[in-house]
Each structure stands twice: as C-alpha cells, then as structure tokens.
Amino acid sequence: MKIIETKFEPTEVLVKVEFKGKEWSEQMHASFNKISKNIKIDGFRPGKIPAHVVQEHIGTGGIVSDAVNTGITNFLDHFWTDPENKELITKIVEGTPSVTYDKVEKDGIVFTAKFEPTPNVTVDKYDNLAITPETEAVTESEIDNEVNRLIQQDIMLKPKSADKPVADGDNVNIDFKGLRDGKEFPGGSSKDFDLIIGSKTFIDGFETQLIGMKLNETKTIDIVFPDDYGKVDMRGQKVQFEVKINSIAEVIKPELTPAYLEKFSFAVMKNENDLRLAIKRNLTESKELSAKENLKQKVSRELLTRIHISYIPKAYIINERNRLLRQTEGEAQQHHTSLDHYIKSLGFKNDEEYQFAIADAAKSNVTVALGFEHIVAEQKIVVTDKDVEQYLEKLAKVYKTTVPAIKSQLQNNFEGVKGFIMQEKVVEHILSVNKIKG
C-alpha cells in the first residue's frame, strides 16, 4: 500500500491510499484461504473444500470484501509507526480515521482516510494577568478539630444529668429536620446523629444555637447557608432546622502523654504542644497545595481568552468530555449516591443542563491544554527524571507513605505525573513573567 495523495483542509486531512499489485494479490489469496478454512458447506469437511467450490459459494465479492477490511486494518496499524509517515503524523491527530472508498475492484482498491489536523495555536502576551494569590493561615480552631479527630476513638463520654444543659465541647445525640419554605429539603435531615459542639461539623450558627438546650428539648433554629456552600442550589438559602436533643455527654479526652502520642505517625512528641505544631505543619502544607491549585485555575481562566486555535479537534473534545463524565461518576460513588442525585446536588436542574456544562468545560480545558503545550514548546520547558523523583517524594510526604509504594501504585507509568509537573512548570513560568510569587 502507498499514499498517493495528501490533501490538507481547515478541519480535515485527506490521505488517499492505493492498494494494488503484488501486495493486493497476496492479500486476496490470504483472504481466500482464511474463508476456505472457516466456511461450512454441506457435504464437505471444514478446511477440505475444493477451491472452485468455495469460489462459487462466496463469489469474488466476499473475498474482495475481506481483503479490503483486512488491508485497511493493517494499513492503520502500521501507519503511526512507519518512518515514511513521520512528518505527516506531526500534522494530524492520532486516532482512528473515517474511511471512504474511491475505487473497489478485483485488481485492487483506492481509499481515503480522513484524519483531523493538529491545530495551529497562538497565545497573546500574558505578562499582564489580573491574578492575586490567596493564602490562608491555619487557625487554632482548625488545629483543635484535627486534634479531636485524631483522639476521637479514645475519648470517653460521661452522660450529664437531666438538668445540665448543652455546653461547648459536649457530645450530643440529636434528631434534626431541615426545612426550606416550610418543606423538608433533600439531605437536610437525620436521626440519632452524634455531634461534638464546637467541632464545626455543621455550617456556622447551627452548633452554637444548641448550647443551653436540655435533654429531650426540641427547638427550631434559623440558618443561612453560606454563598460558597458546596451544593449550588443551597447557597445563600434561608432555612430552619427542627432539632431534638436525645442525649448530652461530657467529653473526657485522653491525656496526651509521650506514650500515648507514639500512636500517631508524626515525629517524636512529648506533649500536646508538639502534637499541635505537627498538625499545624501538615495543615499548612495542605493549604499551600490547595492555594497552588487555585492559583493554577486562576491562571487557566486568565489565559483562556488569550489562546487562539485554528480548529479544536473533535477527538480532543470527546476524550476530555468522557474524562469529566468518569470523574463525576466517581465522585457520585464516593458520596454513596446516584449519579442523577449527585448532578442535582451540584446545582444542575437536569441531565441536559449538566451535559451542556460538561461540553463547555471540555472545550475550555482542551483550549487551555493546547495553550500550555504552545508555551512549553515556545519556552522549551522540560520535565526531568529529577523533577519526577522530587514530586513523588512530595506525594509520599503528604500521604505518609513511601516513594516505592507510590511507584508501585502507578505501575511505574509516570506519564500522568510528568503531565502534571509540566502544567506546574508552565504556571510557574507565567507567574514569573507576571512577577507573582506562587
């Protein structure tokens, strides 16, 4: 087979291929033999049918059809690795092309494989981006919550007498029902829920309004959901909660002695202060990673309007859309809910609205990715083996594991890691150009 013509269009690359001569004859012979071995004809054993009988039974058309399909499959299998196609491959998107037949005859075929072209990308100057890094300090309250989480399984509960009201730090068991406009809303109700007052398990204002309540008392409290609440449809909503106190207990915490503190995977600690310092370091690292990710998102949004692409390949959009869909499905599973319910919890009215948003996000993500690739090539940014090792060491520290363990989990396939590091390097470059410290 040989390429006899290549035609470049704005949205497609047409590669015309001729399959004739000796190569075609050999494929026809191979197809005939394959069919002969598998065909069943009354009165003959499989594989022992005379050639002329097979020919009469299936006709030339059946052999040609098999030869065409097999030939095109073989062509596409070898197309991407053929050294003669090296330059052409740089100009098309890798994937399975659509195929049309220009000529199909007994002595050979001519077909056209339609590929998508690699896009031409330009990026406007990005030295004046409106980006402000945001850093958030670790609060004492957050450290308190983490200490309480660590010792949770070792705390003891001492029931309070009926005349003792709820106080800050107490463990209460409650029933609650959330009402919006007088009607119960999804996910806002529960029974026999254990809660430590002051743990900030609930949104601001909920736990503090329970202080002073007594055993078996029922109370209706008013709450306003914050504007940045996870469920979009609840942001800024004024609601009420009907709350009943089932039990009240004083929380008796374990003494944080050196012997007790050995159970935690921190450095050697002698007292609570050492534990709090270790927790603060971990929380600070976690917030720094989160701030870095938020900064990357800001850079992406700012860069999006500066990226110009001749044509966005449909294959790129489809792949990114499918990735986002799989991500949403995974998140729904983590929340132990149905995909439909999870989509609605994100603020989408129906699946159609969600699909539209996913398609829009896929296009934006692909645009930014192509813009990043352009900057990588332009600035000659590379990811070294040392970069990978340093990143894996950072991951091992964050997740309290070892580098070999992470490598084993990744099955020594670091392409995804290299891609992530490359993104970080591009963001660092853009921040540097804008004289912003990331």
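Colleague: How do the residues lining the largest pocket divide into nonpolar, polar and charged?

Modeller: This is a predicted model, where local features need pLDDT of at least 70, side-chain atom pairs count only at pLDDT 80 or more, and totals for chains, interfaces and linings use all residues. Numbering runs from 1 along each chain as its sequence is written, and side-chain values use heavy atoms, without hydrogens or water. The lining has 24 residues (each with an atom within 4 Å of a pocket point). They divide into 11 nonpolar (Ala, Val, Leu, Ile, Met, Phe, Trp, Tyr, Cys and Pro), 7 polar and 6 charged (Asp, Glu, Lys and Arg).

Colleague: Which element gives the most to that lining?

Modeller: Two or more residues each come from α6, α7 (314–334), α9 and α12 (415–433). Among the residues nearest the pocket's centre are Asn365, Val366, Val368 and Ala369. The top contributor, with 9 residues, is α9.

Colleague: At roughly what angle do α6 and α9 cross?

Modeller: Helix α6 covers residues 272–304 and helix α9 residues 351–379. Their axes come within 10 Å. α6 is roughly perpendicular to α9 (65 to 115 degrees), because the axes cross at roughly 90°.

Colleague: How many charged residues are in that contact?

Modeller: On the α6 side, Ser300, Leu303 and Leu304 take part (contact means heavy atoms within 4.5 Å). α9 brings Ser364, Thr367, Val368, Phe372 and Ile375. The division is 5 nonpolar and 3 polar, and the number of charged residues is none.

Conventions. Axes are lines fitted to C-alpha atoms, for helices over the stretch in contact, and angles run from 0 to 180 degrees between N-to-C directions. Helices (H or I, at least four residues) and strands (E, at least two) are DSSP runs, numbered from the N terminus. Angles under 35 degrees count as roughly parallel, over 145 as roughly antiparallel, 65 to 115 as roughly perpendicular and the rest as oblique. On a 1 Å grid over the protein atoms alone, a cavity is a set of points where a 1.4 Å probe fits but cannot get out, and a pocket is an open set with protein on both sides within 12 Å along at least five of seven lines; lining residues have an atom within 4 Å of a point.
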